[in-house]
Amino acid sequence: LDRARGTAKLAVEVGDARLRLRQGPADRFDVLVLDAFSSDAVPVHLVTREALLVYRRALRPGGLLLAHVSNNHVRLPPVFGALARESGLVAIGKNDDSPTPEEKDAGKDASEWVVLAESRAELDLLLRASKGWRPLQAPPSQRVWTDDYADVLGALRF
C-alpha cells in the first residue's frame, strides 16, 4: 500500500486461509480480507484465537484485518469483538444494508463487515472514507472461540 501515491498491490490467494498464511512469509500484508462466512456452513476454524494469531503474523505492523461477516444464520460480529477484546485490538463494524440504486446496478448487495486493527490510528483512513462504522464490542458473556471451543448455537440468529 502506497498511501502517498494512492496505489496498492493486490494479491489474491485461493486456498485454506490458515494454511496459506501460516506457510507464507510474515509481515507481508497491509490489509487482509476474509470473505468466507456467507454460506450455511461457517468455517469456525477461521474465527478462533489461533486463527487470529496466524492473521496477525501475516499482517505488517499497523495492518488491518477486514472480515465480510454477512450471514443469514450466524451473528459473527460479537465473535470478532471477543477476539479483539482478548487481543487488545480495536474493532469496528458496519452493516451496509441499504445500497443505493446505483450500487445495486453495479452488483453491490447488502453486507456486514468488521475490521480489527492494533489502534484507532490505523482505522482513520477507513473511517474518513466511509460512514456508518461503529465500535464493535462483544458482550462480556461472549467467550473467545478457539480451535477447541466454539459456541455456534449461541451465535445463531433466531
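Me: Which residues make the nonpolar surface patch of about 400 Å²?
Reply: L10, V12 and V14 make that patch. Patches take residues with over 30% relative accessible area and no salt bridge, joining like charges within 9 Å and nonpolar side chains (Val, Leu, Ile, Met, Phe, Trp, Tyr) within 5 Å. Areas come from the Shrake-Rupley method with a 1.4 Å probe, and for residues only the protein chains shown count as cover. A salt bridge is a side-chain nitrogen of Lys or Arg within 4 Å of a carboxyl oxygen of Asp or Glu.

Me: What kind of model is this, and how are residues numbered?
Reply: It is a predicted model, where local features need pLDDT of at least 70 and side-chain atom pairs count only at pLDDT 80 or more, while totals for chains, interfaces and linings use all residues. Residues are numbered from 1 along each chain as its sequence is written, and side-chain values use heavy atoms, with hydrogens and water left out.

Me: Back to L10. Is L10 buried or exposed?
Reply: L10 counts as exposed because its relative accessibility is 77%. The cut-offs are under 20% relative accessible area for buried and over 50% for exposed, with partly exposed in between (1.4 Å probe, protein chains only). L10 is in the segment before helix 1. Helices (H or I, at least four residues) and strands (E, at least two) are DSSP runs, numbered from the N terminus.

Me: And E13, what is E13 in contact with beyond its neighbours within four places in sequence?
Reply: R20, R28 and F29. Contact means heavy atoms within 4.5 Å. E13 also lies in the segment before helix 1 (17–23), and E13 is partly exposed, at a relative accessible area of 35%.

Me: Switching to the inside. Which residues have the most contacts in the largest nonpolar core?
Reply: F37, Y55, L65, L76, F80 and L116, in a core of 34 residues. Helix 1, strand 1, helix 2, strand 2, helix 3 and strand 4 each give two or more residues to this core. A nonpolar core here is a set of buried Ala, Val, Leu, Ile, Met, Phe, Trp, Tyr and Cys residues joined through side-chain atoms within 4.5 Å.

Me: What does L76 touch, leaving out neighbours within four places in sequence?
Reply: L76 is in contact with F37, V42, V69 and W145. There is also a second, separate core of 7 residues, which includes L66, I92, V115 and A117.

Me: How many residues of helix 3 are buried?
Reply: 8 of its 11 residues, so helix 3 is mostly covered. Among the buried ones are P77, F80 and L83. The cover includes strand 1, helix 2, strand 2, strand 3 (90–96) and strand 4 (111–117). Just after helix 3, G88 takes a positive phi of about 75°.

Me: Now charges. How many salt bridges does the structure hold?
Reply: 6. One of them pairs D30 with R60, with the closest N and O atoms 3.2 Å apart. That pair links distant parts of the chain, D30 in strand 1 (residues 29–34) and R60 in strand 2 (residues 59–68), 30 residues apart.

Me: Which residue does R49 meet in a salt bridge?
Reply: E86, at 2.7 Å from N to O. R49 is in helix 2 (residues 49–58) and E86 in helix 3 (residues 77–87), 37 residues apart. R49 is partly exposed at 33% relative accessibility, and E86 is partly exposed at 40%.

Me: What about K108?
Reply: K108 forms a salt bridge with E103, the closest N and O atoms being 3.6 Å apart. Salt bridges that share partners join D96, E103 and K108 into one network.
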